[in-house]
Amino acid sequence: MIRIFEPQDMDAVLEIWVRGSLQAHGFIEESYWERQNRENLLSHAITAVYCDPTTERIGGFISLVENFIVALYVAREEQGRGIGHNLLQRAKYLYPVLELSVYTENRAALSFYLREGFQIVLRRIDQATGHEEALMIHPPAK
């Protein structure tokens, strides 16, 4: 079940975010993720969570600032069950055009977004980390 983020979801969402960031971005120093003020970012975003209807456990989330996806993470033990796809479908329903940036070294995420119909429109170096990121858009430009 996908529902809007509630304050009591904060701990579960932050745990998924930190674990997912470390798993997906092993090429970036762990201290970078520790410095990020995730709670502040969530306060500026619309966030939806996937909540297991049986256990009520949070298995993933998506956060958007307007039509820009700032975070989409699924708990490692929940991956491969379509949760990320379903969260993304909800965002596509809300916004006819979606944008995001993803580190090109995060091959799994890059492949996921390409399979979901996103197109790379720009590659740039993230000044905070020194790593290349791809700006992506959905639907692809014609």
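**Salt bridges, rings and strands**

Trainee: Let's begin with charges. How many salt bridges does a search of the whole structure find?
Mentor: It finds 10 salt bridges. Keep in mind that this is a predicted model.

Trainee: Which residue does Arg 3 meet in a salt bridge?
Mentor: Arg 3 meets Asp 9, with N to O at 2.7 Å.

Trainee: And is Arg 3 buried or exposed?
Mentor: Arg 3 counts as buried, because its relative accessibility is 18% and the cut-off for buried is under 20%. Asp 9 is buried as well, at 4%.

Trainee: What about Glu 15, which partner does that one have?
Mentor: Glu 15 forms a salt bridge with Arg 19, and their closest N and O atoms are 3.5 Å apart. Both lie in helix H1, residues 10-24, four residues apart, which is about one turn of the helix.

Trainee: Why would residues four places apart point the same way?
Mentor: An α-helix has 3.6 residues a turn, so residues three or four places apart point the same way.

Trainee: How accessible are Glu 15 and Arg 19?
Mentor: Glu 15 counts as partly exposed at 45% relative accessibility, and Arg 19 counts as partly exposed at 39%.

Trainee: Where does Arg 81 come in? What does Arg 81 form a salt bridge with?
Mentor: Its partner is Glu 78, with the closest N and O atoms 2.1 Å apart. Arg 81 is partly exposed, with a relative accessible area of 47%, whereas Glu 78 counts as buried at 13%. Salt bridges that share partners join Glu 15, Arg 19, Arg 57, Glu 77, Glu 78 and Arg 81 into one network.

Trainee: Which residues do ring pairs link into a cluster?
Mentor: Trp 17, Phe 61 and Tyr 73 are linked that way.

Trainee: How does S4 run relative to strand S3?
Mentor: S3, residues 58-65, and S4 run antiparallel and are joined by six bridges. Leu 64, for example, has Ile 69 in S4 as its bridge partner. The two strands form a hairpin with two residues between them, and Glu 66 in the turn has a positive phi of about 55°.

Trainee: In what sense does S4 pair with strand S5?
Mentor: S4 and S5, residues 98-103, pair in the parallel sense over two bridges. Ile 69 turns up again here, with Leu 100 in S5 as its bridge partner.

Trainee: What do S4, H4 and S5 make?
Mentor: They make a right-handed β-α-β unit.

Trainee: Which residues in H4 are buried?
Mentor: Ile 83, Gly 84, Leu 87, Leu 88, Ala 91 and Lys 92 are buried there.

Trainee: How far apart are the end C-alpha atoms of helix H4?
Mentor: They are 17 Å apart, and at 1.5 Å a residue the 12 residues of H4, residues 83-94, should span 16 Å, which agrees.

Trainee: Last topic, the overall picture. How many helices and strands are there?
Mentor: The protein chain has five helices and seven strands, and along the sequence they follow β-α-α-α-β-β-β-α-β-α-β-β.

Trainee: How does the radius of gyration fit a compact globule?
Mentor: With 142 residues, a compact globule would come out near 14 Å; the protein chain has 15 Å, which agrees. The C-alpha atoms fill a box of roughly 40 × 40 × 30 Å along the principal axes, and buried residues make up 45% of the 142 residues.

Notes. Residues are numbered from 1 along each chain as its sequence is written. This is a predicted model: local features need pLDDT of at least 70, side-chain atom pairs count only at pLDDT 80 or more; totals for chains, interfaces and linings use all residues. Side-chain values use heavy atoms; hydrogens and water are left out. The expected span of a helix is 1.5 Å times one less than its number of residues. Buried means under 20% relative accessible area, exposed over 50%, partly exposed in between (1.4 Å probe, protein chains only). A salt bridge is a side-chain nitrogen of Lys or Arg within 4 Å of a carboxyl oxygen of Asp or Glu. Rings of Phe, Tyr and Trp (its six-membered ring) pair if their centres lie within 6.5 Å; planes under 30 degrees apart count as stacked, over 60 as edge-to-face and the rest as tilted. Two strands pair if DSSP finds at least two bridges between them. A crossover is right-handed if, with the strands pointing away from the viewer, the path from the first strand over the helix to the second runs clockwise. The radius of gyration is taken over C-alpha atoms; the globule rule is 2.2 Å times the number of residues to the power 0.38.
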